[in-house]
Amino acid sequence: MNVRRLALHEKDAEMPDGSLTKAEKIDFGACRAVTMTCVSEIGWASNDGLMQDIAAGGGVAASQWHMPWREENARGSCSLLEIECLDGSRRRLLIDSGWNLDYMRARFAATGVDKLLRAGEIEAVFLTHEHMDHLFGLQAVLELKPDITIFVLSTFSDDACRFIAGADVPEARARNDAPHEGELIRLEPGRVHALMPGLAAVGFDLPIILGIEGEQSLYVRIEGKGLVGVTGCGHHTVERIMAFARDHLTDGTQVYGLYGGLHLAPFGPLAPEKEAIIRDMGKYRLKRIACNHCTGLPAVKLMIDLGYPVVRGSGCDGSISDLYVGNGDSVIFD
Ligand SMILES: [Fe+2]
Ligand SMILES: [Fe+2]
């Protein structure tokens, strides 16, 4: 895949610390529409089981690569992004690769992702961050398409890169018996990387629980409409997603849609500070919120109570509610 790193005019593109200025907005082109299909949004089966594993591994500040994750509790986060280009052609990316291998194989079969991968109709895997529920299922992708291009953030750990290359990590019960044979593209945080017209990747460098660093997300620019933000877990917060668009992207004040995890109530109850974030989200005047995964059901319910335009789903295939876009559901932003 051809990736262009877009910047402003060379002389005023960057501050001395390497960050982008707000002087001018970056134009990464536009597309006609994007369809997001939720392959799986369930990170794990039981919160209690997950918490027990984290405690056994040393707590949330310890590394996920040294935790005795129980395989039977693992599920995984993965979505299919399909861009409709201005010329009518369609281009696809897989967002993350889930966790439990057998579960992901079943989800790929149920959503047709297996056939698309085999046929080479998915151009790349975009790994938002290296959390186990987004990465450890990579073998299920690579056994169908070992030479697929993979995008990671340059902050990915050596453990993660070795795992992608085919290393097993028995301590974390993570296995990859299908070594990656394609191109591994490491994107720098704080930049705008145009993956195709109307689709840009932006990485956010921040420490995240379980000892990992950084998360990247996507912006889709729909011609005549504005931007859609696409996240994995959204550890970098909706505030930063919106602020980056506003400060650095063409149409950045017109973010009208969100898809993915917003990390508001990932383990059950909604904390007061997260409730405040949700109430504050009203100022963005979003028109379509397709949040799932670590957004958490209590957070989704509050958004609905507040009258936010939450896209509903079917509640099928393992997702626990029809209040949001869940497993097997699709949403179109056009
Ligand atoms: Fe997650
Ligand atoms: Fe995460």
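1. Start with W99, which sits in the loop between β4 (90-95) and α2 (101-111); helices here are DSSP runs of H or I with at least four residues, strands are E runs of at least two, and both are numbered from the N terminus. W99 counts as buried because it has 29 C-beta neighbours inside 10 Å. The cut-offs: 20 or more other C-beta atoms within 10 Å of a residue's own is buried, 12 or fewer is exposed, in between is partly exposed, with C-beta atoms placed from the backbone. Beyond residues up to four places away in sequence, W99 touches A74, R75, G76, M132, D133, F136 and G137; a contact requires backbone-placed C-beta atoms within 7 Å. W99 and L135 are 36 residues apart in sequence, and their C-alpha atoms are 6.2 Å apart.

2. A word on provenance. This is a predicted model, where local features need pLDDT of at least 70 and side-chain atom pairs count only at pLDDT 80 or more, while totals for chains, interfaces and linings use all residues. Residues are numbered from 1 along each chain as its sequence is written, with chains lettered from A and ligands numbered from 1 in the order in which they are written.

3. Overall dimensions next. Along the principal axes, the C-alpha atoms fill a box of roughly 50 × 45 × 40 Å. Buried residues make up 50% of the 334. Of the contacts with a separation of 6 or more, 69% are between residues 24 or more positions apart. The secondary structure amounts to 9 helices and 14 strands.

4. Which strands make up the open sheet, and in what order? There are 7, running β1-β8-β9-β10-β11-β12-β13, with mixed pairing; two strands pair if DSSP finds at least two bridges between them. β1 (4-6) and β13 stand at the edges with a single partner strand each, so one side of each has no neighbour in the sheet. On average, neighbouring strands are turned by 25 degrees against each other, direction ignored; axes are lines fitted to C-alpha atoms, for helices over the stretch in contact, and angles run from 0 to 180 degrees between N-to-C directions. Helix α7 packs on this sheet, touching β8 (192-196), β9, β10, β11 and β12, and its direction makes about 145 degrees with that of β11.

5. Now for the antiparallel part. β9 (residues 199-208) pairs with β10 (residues 212-222) in the antiparallel sense over 8 bridges, and P207 has E213 in β10 as its bridge partner. The loop between β9 and β10 holds L210, which has a positive phi of about 70 degrees although it is not a glycine. L210 counts as partly exposed, since it has 19 C-beta neighbours inside 10 Å.

6. β12 (residues 255-261) is worth a look: 6 of its 7 residues are buried, so the strand is largely enclosed by the rest of the structure. β12 pairs in parallel with β11 (residues 226-230) over 4 bridges, where V230 is partnered with Y259. β12 also runs parallel to β13 (residues 288-292), joined by 5 bridges, with G260 partnered to C291.

7. The crossovers: β11, α7 and β12 make a right-handed β-α-β unit, and so do β12, helix α8 (residues 272-280) and β13. Right-handed here means that, with the strands pointing away from the viewer, the path from the first strand over the helix to the second runs clockwise. In the loop between α8 and β13 is R285, a non-glycine with a positive phi of about 50 degrees. R285 is exposed, because 11 other C-beta atoms lie within 10 Å.

8. Finally, the largest nonpolar core has 94 residues, and V34, L94, F126, A200, V220 and A290 touch the most other members. Helix α7 (residues 237-248) supplies the largest share of this core, 5 residues. Such a core is a set of buried Ala, Val, Leu, Ile, Met, Phe, Trp, Tyr and Cys residues joined through C-beta atoms within 7 Å. Leaving aside neighbours within four places in sequence, contacts of A200 include F28, V192, L218 and Y219.

Note on methods:
Two residues are in contact if their C-beta atoms, placed from the backbone, lie within 7 Å.
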